[in-house]
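Work through the exercises below with the structure open. Try each task before reading its solution.

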Amino acid sequence: MKYAFFQGCNIPVRIEQYADSTEAVLQVFGIELERIPEFNCCGYPVRNVDEKAYILPSVRNMAIAEKAGLDILVICNCCFASLMKAKNVLEKDSDLQKEINTLLAKEGLSYTGKTEIRHYLTVLHQEVGTEAIKKKLVNSCKELKLSVIHGCHVLRPREITRFDDSFVPQITEELVKTTGAKSLDWRGKMECCGAALAGLNDDLSRKLLAEKITGAQKAGADFITPICSYCHLQFDTTQKNMAADQPGTAILPVLLFPQILGLCLGIDAQRLGIDRNSTIERSHIEQINSQLGPPVEEKKKRVRQQAA
Amino acid sequence: MIFNILLGISVSICLIGLLLRCSAWFSQGIRPQTQQFSFPERLSAALQGVFSVLFSARLLDVVKSFFLDLLLQQRILVKSWQRWIAHALIFSGFLLLFFLHALDSVVTENLFSGYYSTLNPYLFLRNFFGIMVLAGVAIAVYRRLSLKPQRLRTYASDWAALIFVAAIILSGFLLEGTKISSQSTFMRMVEEYGDVSDEQEQKALEAYWIQKNGLVIAHDKAAITDELISQGEEVSSRSCVECHAGNSSAFASFAVAKIAGPIAAAVGDAGVVNALWYLHILLCLSFLAWLPFSKMFHILAAPVSLIINRVMGTENGSPANVLTRQMIGLSACTHCGSCSLECSSNMFFESFQNEFILPSEKVQFLRNIAAGKGLDAKTLKTLQQGLYVCTSCDRCTAICPSGINLKELFISSRYNLLDRGIPETTLLSHFSFPLALAQSYASDHLKALKNVEQLFKKSFKTLSDMVLPLSLSTPRDFGNASFKSCYSCQRCTNICPVVRSYDNPGEALGLLPHQIMFSLGIGNVELAMGSKMIWSCSTCYLCQEHCPNQVELCDIFYGLKNAAINKIEAGGKQ
């Protein structure tokens, strides 16, 4: 299986490790990602200003993938939402589709809606499947306690993203479970990291972020696992900026899901770019490595249970 | 004599130009803050930088840069082999012609003993290099035409550069071609070097040169017999061959001679050769004089910029050197458009129809800003928007074949313009996110935000401004009509993470989410547009997801934000 790899603007320049670790993990399951340099911004940044200008870039991206005959695989939640939104809008608005297609025709592109948009978690969960993942595991990290933050724009609005149950998300939880790590039940799991307000209202943005950090820390998290690239930047960069303003604050380190899964699949920490997360210290990597153990063998337990 | 005068004029203009351009490196710059550096301060900071590199391990980077970036032009190669071939053909062809042909008395004669411009391989190579340049120009023209739909902008000055280069080469071919065919040139050379004893031998030599070497003389064709030609060959081998290879080696000019020769002969070949010589020389000399004032200055500035880029990456040096690097970068831009072709914001250009969203177009105008030229308010506003509508993906910086640190240039320019106090509504977009992350101009950013806030205060009434009781009117058609289903259960407000962040949310946010729906319900869109709530919305969609009546609150907020910005921008025009 091959996908057009849509990384958006932040990942290639600020969170390369997210792309690298995702690529490494998907490779284990024979999923190939093609990097397409022609892709442009998904449109998300301009949404506050002009809704139509927000839709257009995503349509072009889908048209590019269509020309290449590939479906799109997305990591960033906000890119995912933008692409899905554009797809939804054009499904209902054939006039707009026509208008955009006239524009795209100039560069030999056309959008028909053939391209599917897939979040990498959906691909892991549906196409690969948790059973297949378990078969490839060489490690598990049983004692690892994670605060997953799902990110708003992948779950909501559910009519647009069509990703998962927006109130009780299952996909990410089940995927985390395969690694043996514990996904904590914590306040803030489904809430906003404050990224959308950064640069517009930094005080409020940081307040929302701080609330999530303390929430996760109180729940006893070893690491925070953001799904969205914007969440990642909030936790991995803004958190450090905040700590610099307030020395002595305890940092909540960030570990991305493909990094955890990658470790359990036996992929080298270096290749997964764990040390490129700026909140990760050497001691954290040692901690994770010491917690890695053989994969949990559920079958035996079941047999024992049956015997009992 | 005339040649020497012309050469003197052209070299002086070129030198003055180079001096002016290079002094701009140390005197101009785009600074957002008021930090000023004098010319000597800038120059000494730059020299310090250069010395610290020369006497450190980073010297290796310079050497590496010379081979990889300057000679191999690796940055172009990794992006497009087509561009690389075009540039390499022009670059190497032109340079080789410059050193081996234009400066032959200085360079070639000293390098190769027994050099005669009329001998091979020189005769052949000159043509070969010329054809290389022409082929490169042809690819470049094709590229500019074929990439137009991909938003590659071409100015008259870009065409001028290509035409100039092509004209120099073509005039060279024409000159050589007419010389090959010219009777007077032939006669002059026979007189000077020939060992011709009688008229018969002269006839034979002519016949041979007409037949083999492209000479055009109105001869009786029937008189040119094989016998005469072989006699001519003998005379030729005695008189000419030692210093003159067969003209067919100059393959391009030889072809020109076949076509242009008869015409020149008809018009008067001596005059034509003379005129073409002047044309060729004038083109070359005016190119030299034009070089520092055009994008051709990149021949000098791009190598410097590339070496700096290799040594420093996107890391910034001392503030004085940052400005100097900016200016070197600005002067190294060739308007090749690579940055705009891969700009992540290219579709916003299509939506806003603002040329300045394309990085290559910004750069052209930033030169004026750097030089401190005054710009009219409208251009400033457009440039400011163009600078702000940027996703900070840094692709332009990674791509630039001249190694310009566009990222730094654009951020500095952005805050330089914002500092002038014109409110920029796109500040309220998520383009602000990477800027908040980088924290490089935090206080300037806040100041610019305040300007936008003031504009909002002026443009919209808030609830507390209203003296009269709110009146009821029919809800206006407002894109998204789902607000009509609101029955004021306040679930939205209760679940909102922003509302709960304030002790007194009503005061801080103007209107609460359910109140915004209510205000739309009574037909007061203005009030909703002016509330601070919509700009404080974290777009988490919790309200919308939890609304029992499927009111699309978050989407409505987006609509209100768009409408508010539209209103303000339209107000500015009135």
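**Exercise 1.** Which element gives the largest share of the nonpolar patch?

Solution. Start with the ground rules. This is a predicted model, in which local features need pLDDT of at least 70, side-chain atom pairs count only at pLDDT 80 or more, and totals for chains, interfaces and linings use all residues. Residues are numbered from 1 along each chain as its sequence is written, chains are lettered from A and ligands numbered from 1 in the order in which they are written, and side-chain values use heavy atoms, with hydrogens and water left out.

Step 1. Find the patch on the surface of chain B; its residues include Phe39(B), Leu47(B), Phe55(B) and Leu71(B). Patch residues have over 30% relative accessible area and no salt bridge, and nonpolar side chains (Val, Leu, Ile, Met, Phe, Trp, Tyr) are joined within 5 Å. A salt bridge puts a side-chain nitrogen of Lys or Arg within 4 Å of a carboxyl oxygen of Asp or Glu. Together the patch residues have about 1,100 Å² of accessible area (Shrake-Rupley method, 1.4 Å probe, only the protein chains shown counting as cover).

Step 2. List the elements that give two or more residues: helix H2 (39–54) and helix H3 (59–71) of chain B. Helices are DSSP runs (H or I, at least four residues), numbered from the N terminus.

Step 3. The largest share, 6 residues, comes from H2(B).

**Exercise 2.** Is Leu47(B) buried, partly exposed or exposed?

Solution. Step 1. Locate Leu47(B) in helix H2 of chain B.

Step 2. Recall the cut-offs: buried is under 20% relative accessible area, exposed is over 50%, and partly exposed lies in between (1.4 Å probe, protein chains only).

Step 3. Leu47(B) is partly exposed because its relative accessible area is 44%.

**Exercise 3.** Which residues does Thr382(B) touch, not counting residues up to four places away in sequence?

Solution. Step 1. Go to helix H19 (residues 377–388) of chain B, which holds Thr382(B).

Step 2. Thr382(B) counts as partly exposed, because its relative accessibility is 28%.

Step 3. Its contacts (heavy atoms within 4.5 Å) are Asn354(B) and Phe356(B).

Step 4. Now look at Trp290(B), 92 residues apart from Thr382(B) along the chain: their C-alpha atoms are separated by 31 Å.

**Exercise 4.** How many residues of helix H13 of chain A are buried?

Solution. Step 1. Helix H13 spans residues 257–264 of chain A.

Step 2. The buried residues of H13(A) include Phe257(A), Gly262(A) and Cys264(A).

Step 3. The count is 8 of its 8 residues, so the helix is mostly covered by the cut-offs.

Step 4. After H13(A) comes Gly266(A), with a positive phi near 85°.

Technical notes: Patches are made of residues with over 30% relative accessible area and no salt bridge: like charges are joined within 9 Å, nonpolar side chains (Val, Leu, Ile, Met, Phe, Trp, Tyr) within 5 Å.
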